[in-house]
Amino acid sequence: MDAIQAQGGARLWKADVLVQWAGRRIAIEIQRSYQHLRDFERRQQRYRDADVECVWLLPRDAYHRLAKATGRVRLKEEFGGSFPPSGSIGPCLRHLPVASLHDPERAEIAGAGLFRVTLDAWCRAILERQFQWSDGLWMIGTDPSSPISGIHSPVTRPTNATGEPR
């Protein structure tokens, strides 16, 4: 999956990863340094304008910072600044698909939708349109308690030859 240049308007840029799959162009942006929410939104709009789907992958600490910011936006814009009777809201924005590189050594991806999968399973979920927004969460499938066969594969701890954890 080599990154290639995509054009949106008069500007050229290079996605971290740009995949062409079944008539779709899908970018995966790996944002390791700090970026303000408005910059995520500006860059996301640039991809939309170029007809490219964009998904963000962030280190765990950056993911949590972004989730706090997007949660505040949802609280203000969708709930008038007051928590709903349930007492909680999902911290994700529909127009900003995002996941966390939860454990880089194990290539484990996690998200607000309470999923934790391998990088391979997450990429398959994106390609198969199973990485979805539902009620304030970006998750695999639309119900975090119902794993999807073949997609929502659990992350397993590496073991040695005798089956013991390494």
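## A loop residue and the model

A22 is placed in the loop between β3 (17–21) and β4 (24–30), where strands (E, at least two residues) and helices (H or I, at least four residues) are DSSP runs, numbered from the N terminus. A22 is exposed, its relative accessible area being 73%; exposed means over 50% relative accessible area, buried under 20%, and partly exposed in between, with a 1.4 Å probe and protein chains only. The C-alpha atoms of A22 and L127 are separated by 8.7 Å, although these residues are 105 residues apart along the chain.

The model is predicted, with local features needing pLDDT of at least 70 and side-chain atom pairs counting only at pLDDT 80 or more, while totals for chains, interfaces and linings use all residues. Residues are numbered from 1 along each chain as its sequence is written, and side-chain values use heavy atoms, with hydrogens and water left out.

## The chain as a whole

The chain has 10 strands and three helices, which follow one another along the sequence in the pattern β-β-β-β-α-β-α-β-β-β-α-β-β. Of the 166 residues in the chain, 43% are buried. Among the contacts in the chain with a separation of 6 or more, 54% join residues 24 or more positions apart, a contact being heavy atoms within 4.5 Å.

## Aromatic pairs

Rings of Phe, Tyr and Trp (its six-membered ring) pair if their centres lie within 6.5 Å, and planes under 30 degrees apart count as stacked, over 60 as edge-to-face and the rest as tilted. By this rule there are four aromatic pairs. The ring centres of F40 and W56 are 4.9 Å apart and their planes stand at 75°, so this pair is edge-to-face. Because F40 lies in helix α1 (residues 37–49) and W56 in strand β5 (residues 53–59), the pair ties together parts that are 16 residues apart in sequence. F40 and W56 are both buried.

F115 and F131 also form an edge-to-face pair, with 6.0 Å centre to centre and 80° between the planes. F115 lies in the loop between β7 (108–110) and β8 (116–118) and F131 in strand β9 (residues 131–134), so here too parts that are 16 residues apart in sequence are tied together. F115 counts as buried at 2% relative accessibility, and F131 counts as buried at 8%. One aromatic cluster is formed by F115, W122, F131 and W138.

## Pocket and cavity

On a 1 Å grid over the protein atoms alone, a cavity is a set of points where a 1.4 Å probe fits but cannot get out, and a pocket is an open set with protein on both sides within 12 Å along at least five of seven lines; lining residues have an atom within 4 Å of a point. The largest pocket has a volume of about 300 Å³, and of the 15 residues that line it, E53, V55, P97, F131 and W138 lie nearest its centre. The largest share of this lining, three residues, comes from β5.

The structure holds one cavity of 30 Å³ or more, and the largest cavity has a volume of about 50 Å³. Residues lining the largest cavity include Y63, L66, P91 and V98, and helix α2 (residues 60–79) gives the most to this lining, with four residues. A volume is the space filled by probe spheres set on the points, which are joined across faces, edges and corners.
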